[in-house]
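Open the model in your viewer and keep the sequence panel beside it. Each stop below gives a selection and then what is found there.

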Amino acid sequence: MALNPKSDLVKKSLLFINGTPPEVLPQVTGYDLIGCTDGAFHYLKAKNFPLEELNFISGDFDSWEGLPEEEFAEKIIKTPNQDFTDFQKALQILQEKGAKSVDVFGGSGKEMDHFLGNLSAAFQFKDKMNIRFFDEFSEYFFAPKHLVMENVAGKMISLYPFPTAENITTKGLKWPLNNENLSQTGRIGTRNLAVEDLLEISFESGALLVFIGND
């Protein structure tokens with residue numbers, strides 16, 4: 001699929017990065033743009049992902065002994081700048097192609113410094129696109145100032161300030177917050193429980209990561 005930069009056709013994108021590979025690969029239907037970093041290409045190939053569905057493979061290719069097979073050469077976007085991570089550079093590519101949202105697999109696991117770096121990269125782009133991470137344990141993302149979620153009763157919900165979030169109010173949690181503050185160096189809001197199907201979270205300032213535990 002040929003896409004021009006800033007194309008209005010790109011609404012939802014899928015990105016694989018080089019953390020712990022998902023046990024079950026997601027379906028590719030419904031995505032306008034699909035990409036991976038150079039390291040993630042290896043596990044996609046090993047898991048028999050339909051590689052022809054990839055629109056791009058980006059990175060510095062430091063994990064390659066050579067370029068990919070000739071059939072994938074036209075999909076390669078080299079990003080050798082070592083001042084930025086492969087994830088940051090992949091997000092920049094998606095932004096330039098007009099992506100409004102991105103589902104990310106492989107963002108956690110392996111080295112924890114990479115995981116923290118991935119959260120920092122997502123923070124930098126949180127006002128440009130909707131970024132959601134998926135792994136074996138949970139789905140997580142930076143919340144908008146007012147968030148409504150449905151069908152979450154019984155799920156573990158964690159609220160993690162990044163680094164602070166102020167005047168948080170929740171409805172539908174076992175331990176609610178009522179115009180309260182959270183901080184990385186003080187009180188955090190992990191390991192809560194949704195007790196209603198409809199959950200509402202609002203806050204006035206700062207940044208708030210929301211983790212939704214898998215069943």
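Select Asn-151. Asn-151 is exposed at 59% relative accessibility; exposed means over 50% relative accessible area, buried under 20%, and partly exposed in between, with a 1.4 Å probe and protein chains only. Asn-151 sits in the loop between strand S8 (146-149) and S9. Helices (H or I, at least four residues) and strands (E, at least two) are DSSP runs numbered from the N terminus. Now check the backbone: Asn-151 has a positive phi of about 55° although it is not a glycine. Most residues other than glycine have a negative phi, and most peptide bonds are trans.

This is a predicted model, in which local features need pLDDT of at least 70, side-chain atom pairs count only at pLDDT 80 or more, and totals for chains, interfaces and linings use all residues. Residues are numbered from 1 along each chain as its sequence is written, and side-chain values use heavy atoms, with hydrogens and water left out.

Go to Arg-191, in strand S11 (residues 189-193). Arg-191 is not a glycine either, yet its phi is positive, about 60°. Arg-191 is exposed, with a relative accessible area of 59%.

Next, select Phe-162 and Pro-163. What kind of peptide bond joins Phe-162 and Pro-163? The bond is cis, with omega about -10°. Pro-163 belongs to strand S9.

**Helix H2**

Select residues 86-96. H2 is mostly covered, with eight of its eleven residues buried. Those buried residues are Asp-86, Phe-87, Gln-88, Lys-89, Ala-90, Leu-91, Ile-93 and Leu-94.

**Helix H3**

Move to residues 112-125. H3 has 14 residues and reaches 20 Å from its first C-alpha to its last, close to the 20 Å expected at 1.5 Å a residue. The expected span is 1.5 Å times one less than the number of residues.

Which residues of H3 are buried? They are Phe-115, Asn-118, Leu-119, Ala-121, Ala-122 and Phe-125. These residues cover an arc of only 160° around the axis, so they lie on the same side of H3. The arc is that of the directions from the helix axis to the C-beta atoms. An α-helix has 3.6 residues a turn, so residues three or four places apart point the same way.

Turn to the face away from the buried side: it carries the exposed residues Asp-113 and Leu-116. On the buried side, H3 packs against helix H2 (86-96), strand S6 (130-134), S7, strand S9 (156-171) and S13.

Asn-118 is buried, with a relative accessible area of 11%. Leaving aside neighbours within four places in sequence, Asn-118 is in contact (heavy atoms within 4.5 Å) with Ile-17, Phe-87, Gly-107 and Phe-133.

**The aromatic cluster**

Select Phe-87, Phe-115, Phe-133, Tyr-140 and Phe-211, which form one aromatic cluster. Rings of Phe, Tyr and Trp (its six-membered ring) pair if their centres lie within 6.5 Å; planes under 30 degrees apart count as stacked, over 60 as edge-to-face and the rest as tilted. By this rule the count comes to eleven aromatic pairs. The rings of Phe-133 and Tyr-140 are stacked because their centres are 4.9 Å apart and their planes are at 5°. Phe-133 and Tyr-140 are both buried.

Tyr-140 also stacks with Phe-211, at 4.9 Å centre to centre and 20° between the planes. Tyr-140 lies in strand S7 (residues 138-142) and Phe-211 in strand S13 (residues 205-213), so this pair ties together parts 71 residues apart in sequence. Relative accessibility is 1% for Tyr-140, which counts as buried. Phe-211 is buried at 17%.

**Charges over rings**

Show Arg-132 and Phe-141. The charged end of Arg-132 sits over the ring of Phe-141, 3.9 Å from its centre. A charge sits over a ring if NZ of Lys or CZ of Arg is within 6 Å of the ring centre and within 35 degrees of the ring normal. Now show Lys-128, which lies over the face of Phe-125 at 5.6 Å from the ring centre.

**Zoom out**

Finish with the whole chain. Its secondary structure comes to three helices and 13 strands. The C-alpha trace spans about 55 × 35 × 35 Å along its principal axes. Of the 215 residues, 47% count as buried.
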